[in-house]
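Subject: Structure handover

Hello,

Here is the structure I promised to pass on. Please open it next to this email and read along.

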Amino acid sequence: MAALEYLLRFTSLLTHCTLRSAGASTPQLHRSPGFGYWVDVLRQLCVTAGPATAHGATAARLREAVRALLRLHDDGPGKKVPFDTYGLLRNHLDHGGPAIPGLDGHVDALVRKFWDVVADSLSAARVDFEHNGAERHPVLVSAGERVDLFPFFYVTKNDAWQVFSAFNHKKPSYIVFGNPATSLVYPPSKDHGTHLDRLLRKRGKRDFQRTAFRDSILKDLEAFKEKGSGLVENHPTAEWDGQEISGFAIRWSQAVSAGTEDRNDHFRIGQDNRWEWRSEDGRWVPYSTFLRTIANLPVAARRLHWSLKDLEDRLAAEENRQLGWECEVRLRPAVVTLGDPAQRGERKRLPFEELIDGLDGEVGAGRDQTLLYFVNGEAGTGKTRAMLAAARKRAGELAQETDPARIDRPLFLYLRSNGRVLESLDEAVNNATSETRNLPDPVVKVLCRNGVIALLIDGFDELLGAGFQDAVSALSPWLRELDGRGALIVSARSSYYENQFRESLEKAEEVGERVRHSVAQMEKWSHREVSAFLTENGVPESETERIRPDDRPLLTLPFFARSFIELVNQGNYAPDEASNLMETLVENYLTREEEKLEFGEGEERALLSRGQIGEVFEYVVDFMVGNKEREAGLDELELSAAMVLGTDIDEQENKTHAHLRNRLGVLCGIEVAGASGDRNGRRFRFQHELFFDHFLAGLAIGYVKRGEIQSFHRLLRAVEWRSATTGRVARELGPEDISAALTGFTVEDEGTGSDEAGLLGTRNLGSLWAASIHATGRMPEGGIRNVMFADPIDLSRAPYLRAKFVGCSLAALTLPPGTSWELSLEDTTVRTLTTARDCTDLSRLTGVRHRDLTDFYAPGRACYRRPEILESLRKLQAGVVDDEADEAGNPPAVEAAHHFLKYIAASKAGPLTLTDGNYVPDDQRLDWVRDYEGEWKSFVDALLATELARSKPLSASGKKKIRIRLRTDAKRIMDENSEDPMIQEFWRRRRAS
């Protein structure tokens, strides 16, 4: 078969040379031809040769030989061979198929017929040579006609014949024969490459696209094929509507439920570079239809819909069992606000469903970057319900289709950790798809990469566990597999994990370049939406009028609004009591738990009082803080009870303690992880994370009140303090007690020195002070020192504030109204500063460093450029401390460079995708590049020229794109006095512009 392939190559090249020498127009040959390609070339050349006398006698004889060869080829190897075509036989042998006994002689005789045809056509010809240095260029002479065979054929100085093989990686290669002592590797001269380049197809964009398409398909099919089977590529036949250049076929065996299905699928690149597959009815359809077909997506959608409906039912049953929720409610649509540190100005607000539906047009787009949405939101904003409902709705819609070709939207695969830390995202995928039976993890990766599936990962922080780790590590294997395509939506309970992920993404250079990161904040309800929700669910107006003022802000969280309806319906809401809604919920929760811990028949008292159960839960939280997951074992539950009772409940002779040990296993939140009789497999977790936050706050407050300050400090470094925790601590302790408790606090534990713990301690400190300021409108007399505030600080309700920040970092600060306040910013950076709407005087604001500000919102004006910010601050008489360097004024190019670098640093925008040539950003959020007209291009040029940034071309469709990535931190580049020679050269160029 190798001899047959060589003969087809030889005859094609010889015919091509003959027609070219006769002056005929010949097609450019492929640079890396194979068996099927040579058959197609012979068909084309046969047509090119034209009538028998069109191009001379030699061409006429070869034309007849080619026609005879094609007839032999098309007749096939015959019934004795278990393959219909020579191509299939060749592929079987070439890809390691087993030898077929008894066929050697038969096939050898068939191949000799091919050789005889060619030999007869050349029987009257001879070969002359033209010398070219040490080489000889052969010339075929027949009937007085000369056919130049160079550069497809030539002979080396040691009499080795060279026949063209391929031209890859800018170098031609040849098949060598004729001299046994000659190595098969003989380096051709540059002269060969120059001559060949004129006769071969140019390796343009379409070649790369075809190669990328083929490689992608071969990679995709690895997930579907029968284990141990091969993937055999065939060159297309001429009947493919003139698409043979980009088309190809793949013969493979798919693993199906009934066994193995042999397939031969045809693919091509269609109009507008669309990847296409020839369906069973002969139509060219999108490649995604092929994947939906072989994945049997309608069946998978149907099974997923059942699974997700069952999960919703189980969540409802859990709420009924653990929270006492009984009534049916009509939930309002969740709303998100799209925002990002790379974006400024007003954020877009839209229903969560609209965000999800927007993925339909994004998942298949050729962005060369995976779209990753981080959905943040406080506990209780309804992230789980919204994501689960979206996935169930889409699965139900796709399940109605029976024909995969009619599906043009992605299936949403909903993943959650179920309260347990998983080893990897692969494990979460396999758990979620176990009931579909046809979507294992490798298949899901393929479908997600091609926009057939989008992942919805609920509770990314739970998936990672309560411990510290690089946030990108859980996703990076998947992001590499997606190869810059597809989409993921990831939810977390706060901005902490999103920020940690963003910072990790900056460090993970290989992965970070292939991800486009966006943020969606799950919004609380407005008071109008709360009123509408309560009315829609039958709460009388008389009840809504009785809501305590302190409870109204809580009702903006859907969880509390839902809880309020239950309390009203059950007659348990008492607005005259001092406790707020959260405390009322906790009290009801503890009452239900107390009833489960009754002593026994004839005994009215409980084994533990409600207060004691609350203390038990606080100790349980302390155990959970030390665990990877937010769970505790029965042993830890019993130890917590023993600590509250001050005794050992393991005492066998104490019947009360023995009964308590037995009854602890019936508490709500006890679930079986292993066999039902396995004590070690029984775990406790809170039904809702808000209860964890509440009891964490109680634990922290208890430590402060008992003087156990080191334990209080440990909690600040050990676990994220969300709003429910910081809010309760702030209300019950107040600024002075908090300030005293923080005396001697260091963000890094001297015992571990963990960077992650230090970062968490810093953020928790900021969240605690932000909650204290919000709850009391006050700050400690000594000020707040060395704190990083990741969330906005709003002082608009503190008109008489006297305070200072020392050595702090604030993401956003809103100033008080009026002029009766004083605020000092000592060695403190603020990124976004907002004044009151009627502000005319900022003379009580001191220590402002205007160079750190990216945005300044003054009455009626939004300022982004540094000179404008400084001008507005001076006009309002603010105390600016870094304006001396700006007195003389900087050239616009220098100001623009600081401006651009400031936004790059603040946004953590990562690599920038730009249009090649003019550097227009691909991301519309980067509108700040237009703030200094005409400066952006020269700024990027200066970064590249000084090697402070590097560029990388992208293969995305449309206009040519490049990706720019800084090689050092933007803040370092901003230092005009740096000793780094590259930074010095950068600023020299900027000043000279």
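Below are the findings, taken topic by topic.

First, the ground rules. This is a predicted model, in which local features need pLDDT of at least 70 and side-chain atom pairs count only at pLDDT 80 or more, while totals for chains, interfaces and linings use all residues. Residues are numbered from 1 along each chain as its sequence is written, and side-chain values use heavy atoms, with hydrogens and water left out.

**Cavities**

The structure holds seven cavities of 30 Å³ or more. A cavity here is a set of points, on a 1 Å grid over the protein atoms alone, where a 1.4 Å probe fits but cannot get out; lining residues have an atom within 4 Å of a point. Grid points are joined across faces, edges and corners, and a volume is the space filled by probe spheres set on the points.

Look at the second largest cavity. Its space comes to about 110 Å³. The lining includes Leu 323, Trp 325, Phe 559, Tyr 589 and Phe 691. Glu 566 and Arg 592 also line this cavity. By class, the lining has seven nonpolar, three polar and two charged residues. Ala, Val, Leu, Ile, Met, Phe, Trp, Tyr, Cys and Pro count as nonpolar, Asp, Glu, Lys and Arg as charged, and the others, Gly among them, as polar. Two helices, α20 (558-569) and α21 (581-596), each supply at least two residues of this lining. Helices (H or I, at least four residues) and strands (E, at least two) are DSSP runs, numbered from the N terminus.

**Salt bridges**

How many salt bridges does the structure hold? The count is 47. The term means a side-chain nitrogen of Lys or Arg within 4 Å of a carboxyl oxygen of Asp or Glu.

Start with Asp 281 and Arg 283. Their closest N and O atoms are 2.8 Å apart. Asp 281 is exposed, at 54% relative accessible area. Arg 283 is partly exposed, at 43%. The cut-offs are under 20% for buried and over 50% for exposed, with partly exposed in between (1.4 Å probe, protein chains only).

Next, Arg 865 and Glu 868 meet in a salt bridge at 3.9 Å, N to O. Arg 865 is partly exposed at 27%, and Glu 868 is partly exposed at 26%.

Arg 989 and Glu 985 form another salt bridge, at 3.0 Å from N to O. Both lie in helix α33 (residues 981-992), four residues apart, about one turn of the helix. Arg 989 is partly exposed at 35%, and Glu 985 is partly exposed at 24%.

There is also a network of salt bridges. It links Asp 357, Asp 360, Arg 394, Glu 397 and Arg 409.

**A hairpin**

Strands β2 (residues 135-142) and β3 (residues 145-148) pair in the antiparallel sense over four bridges. Two strands pair if DSSP finds at least two bridges between them. Ser 142 has Glu 145 of β3 as its bridge partner. The hairpin has two residues between the strands, and Ala 143 takes a positive phi near 55°.

**Two single residues**

Is Asp 923 buried or exposed? Asp 923 is buried, at 14% relative accessibility. This residue is found in the loop between β32 (912-915) and α31 (936-945). Its C-alpha atom is 8.1 Å from that of Leu 912, 11 residues apart along the chain.

Lys 113 lies in helix α5 (residues 104-121). Lys 113 is partly exposed, at 47%. The C-alpha atoms of Lys 113 and Ala 68 are separated by 10.0 Å, with the two residues 45 apart along the chain.

Best wishes

Terms used: On a 1 Å grid over the protein atoms alone, a cavity is a set of points where a 1.4 Å probe fits but cannot get out, and a pocket is an open set with protein on both sides within 12 Å along at least five of seven lines; lining residues have an atom within 4 Å of a point.
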